[in-house]
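Hello,

Here is the structure we talked about. Please look it over, then read my notes below.

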Amino acid sequence: MAPAIEIKELTKDFPLGLGKYKLRAVDHLSLRVEQNQVFGLLGPNGSGKSTTMKVILGLLTPTAGECRVYGLPSNKTAARKEVGFLPEAPYFYKYLSGLEMVVLMGKICGLSAARARERAWEVIEWVGLKDAARRRVGTYSKGMLQRIGIAQALVHDPQLIILDEPTAGVDPVGSAEISSLVLKLKEAGKTILLCSHLLAQVEDICDHVAIMNKGRCIRQGPLAEITEGQGDTEIRLDQLPEPEVEALRRWLGERGIDLRQVKRPQLRLDEVFLREIGKADLIYRQGSESVQLGSQVTSDKAGKDSENE
Amino acid sequence: MNSLRIIRLIAGNTFLEAVRQKLFLFLVFIAAAFIVSSFYFRDLDFGFSELKFISDFGFGAIVFFGSILSIAGAAQLFFNEIENRTALTILAKPVRRIEFILGKFTGVWAVVLAFTAMMTLLLMAILWYREGILMGMERFARDFPEGRKVLYGDILWVGFLQWLKFGILISITMIVAGFARTNLFTVVISFFILIICHLQYLARDAWAEIAFWPARMGVAVMGFAFPNFQVFNVGEYVALYEPLPWSVIGSLVGLSAIYIIVYNLLAVVSFRSREI
């Protein structure tokens, strides 16, 4: 089975003026996104993420190296048939209604007029914009724009969906809804390439990440591996009373293990916000449905300094 | 077949955007007002030659405002796609750049067709109406011994040929827009080229007298690179009540087809390397 995206030794230079100087935006990048992954492409501004995405979308030609989408060179039009793309801060045709815009994109992707209309209603309903479908896109809020953007990206039922900063300028509820949509897409068997500066969101929904800096990939792999703490072991317990903590410390001490930290886990602010406004169902983290209140114990066998909090 | 479908979809969307722009409606209104105003110059008592005046004035308005619409419309509709990043959304779909450029061209050309058709029909209506009045006037009755003299079918042909000329102009604008960074630059350069095309006959005339061969070559290249727009001034036939020769129509259709095809291919080449 061909990977959704396969990039080998990709280099992209941009000429600076008429001289011989060039700006190297991407430098010998190699990436592999398997099917049904939610892959996060991370990096600071100017790290080469957007250039990489444009190469994947066939909008830029690599200076060196190759990029394949489902086994096809990305610069071939056929490679984009299975790709849906949500650009950063999308400005769609403001004079069209949301429905007209999605239908147009469906037709451009090869759907018949009737099928495009049928699919447009499906995806518009799926992203929760049914009531606003006949409104002009120019009247949409940022969150609605992102959602209609996702709808147009999905209208032709692509296998690979590329989302460039999907939550830029969106409020926490909208952001959580988009995260929820991404996870639904994964459940539906789609592959998602996500480019975002919101690392907490990436951590919540991605299963693989690649970190880029100055055009190079400096780290990539499964999220769990990349974020794994080195040397420590974390145990979660239900409401451990103070005397029991001391007993545990003594018990561990007898075995040569330092109990470095005992604390109650912190909720993230976005989670508190969503709970307070009654949207707790949108809270999601990799590997757990939601955060459970309780005690968190961290121990370090080789630790010298022990600390209580 | 799929390419034609995509071109049609992009063209349809471009047409929709254009007719919702104020520029299009404004030019339609102004051009129509110009053509209609020629009717009121009868107070100057042109007599029988009044029809020639209305015809010249009407075609002048069509050419002038049609040229503005062709250049400004093509530049605006192209840069809207770039600046609003909608081109990014479209080109990230299975759409080739040639389909995008041809779709934009066709859409703008369709808008100009609507404009030219409306103005030509308006001109025909005014000429028809005024000719009827003149025929009923005793002092001009002898000028119409065999009934109406204006060749209305030929007015349609002249309108059609002007539309072809606008097609060349739109293609030129698309070439410039392909590499230009701003809308203003595109409009200014395209208007310069329009002027060159209108004055190009001077270079052709001078060509025969140039002895210095590099200059002669340069002028010859200019003569082929830029079409001679003077050859599209066929409104005189209508004004003089002479039938438009088929040879003229045929040669202008052929000339337009060649330039439109070549220029659109150049526009695609110009746009191909553009970073979106």
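**What I found**

Lys214(A) sits in the loop between strand E9 (208-213) and strand E10 (216-222) of chain A. Helices (H or I, at least four residues) and strands (E, at least two) are DSSP runs, numbered from the N terminus. This is a predicted model: local features need pLDDT of at least 70, side-chain atom pairs count only at pLDDT 80 or more, and totals for chains, interfaces and linings use all residues. Residues are numbered from 1 along each chain as its sequence is written, chains are lettered from A and ligands numbered from 1 in the order in which they are written, and side-chain values use heavy atoms, with hydrogens and water left out.

**Backbone points**

Back to Lys214(A). Its phi is near 50°, a positive value in a residue other than glycine. Most residues other than glycine have a negative phi. Lys214(A) counts as exposed, at 70% relative accessibility. Here buried means under 20% relative accessible area, exposed over 50%, and partly exposed in between (1.4 Å probe, protein chains only).

Asn36(A) is not a glycine either, and has a positive phi of about 65°. Asn36(A) lies in the loop between strand E2 (22-33) and E3 of chain A. With a relative accessible area of 30%, Asn36(A) is partly exposed.

**Ser47(A)**

Ser47(A) is in the loop between strand E3 (38-42) and helix H1 (49-56) of chain A. Is Ser47(A) buried or exposed? Ser47(A) is buried, at 1% relative accessibility. Its side chain reaches the backbone oxygen of Pro44(A) at 2.7 Å. Setting aside neighbours within four places in sequence, Ser47(A) is in contact (heavy atoms within 4.5 Å) with residues including Ala25(A), Met212(A) and Lys214(A).

**Chain A overall**

Chain A has nine helices and 13 strands. Its C-alpha atoms fill a box of roughly 70 × 55 × 40 Å along the principal axes. Of its 309 residues, 48% are buried. Among contacts in chain A with a separation of 6 or more, 69% join residues 24 or more positions apart.

**Cysteines**

How many disulfides are there over all chains? The count is zero, with a disulfide taken as a pair of cysteine sulfur atoms within 2.5 Å. For Cys195(A), the nearest cysteine sulfur is that of Cys206(A), 10 Å away. Cys195(A) is buried, at 1% relative accessibility. For Cys217(A), the nearest cysteine sulfur is that of Cys195(A), 13 Å away. Cys217(A) is partly exposed, at 24%.

**The interface**

The contact takes 24 residues from chain B and 29 residues from chain A. The two chains bury about 2500 Å² between them, 61% of it on carbon and sulfur atoms. Buried area is the accessible area (1.4 Å probe) that two parts lose on being put together, summed over both.

Ten residue pairs are in polar contact across the interface of chain B and chain A (both at pLDDT 80 or more). A polar contact is a pair of N or O atoms within 3.5 Å; within protein, one must be able to donate a hydrogen and the other to accept it, and residues adjacent in sequence count only if both atoms are side-chain atoms. On the side of chain B that touches chain A, helix H1 (2-19) and helix H4 (86-91) of chain B each give two or more residues. H1(B) gives the most, with seven residues.

Best wishes
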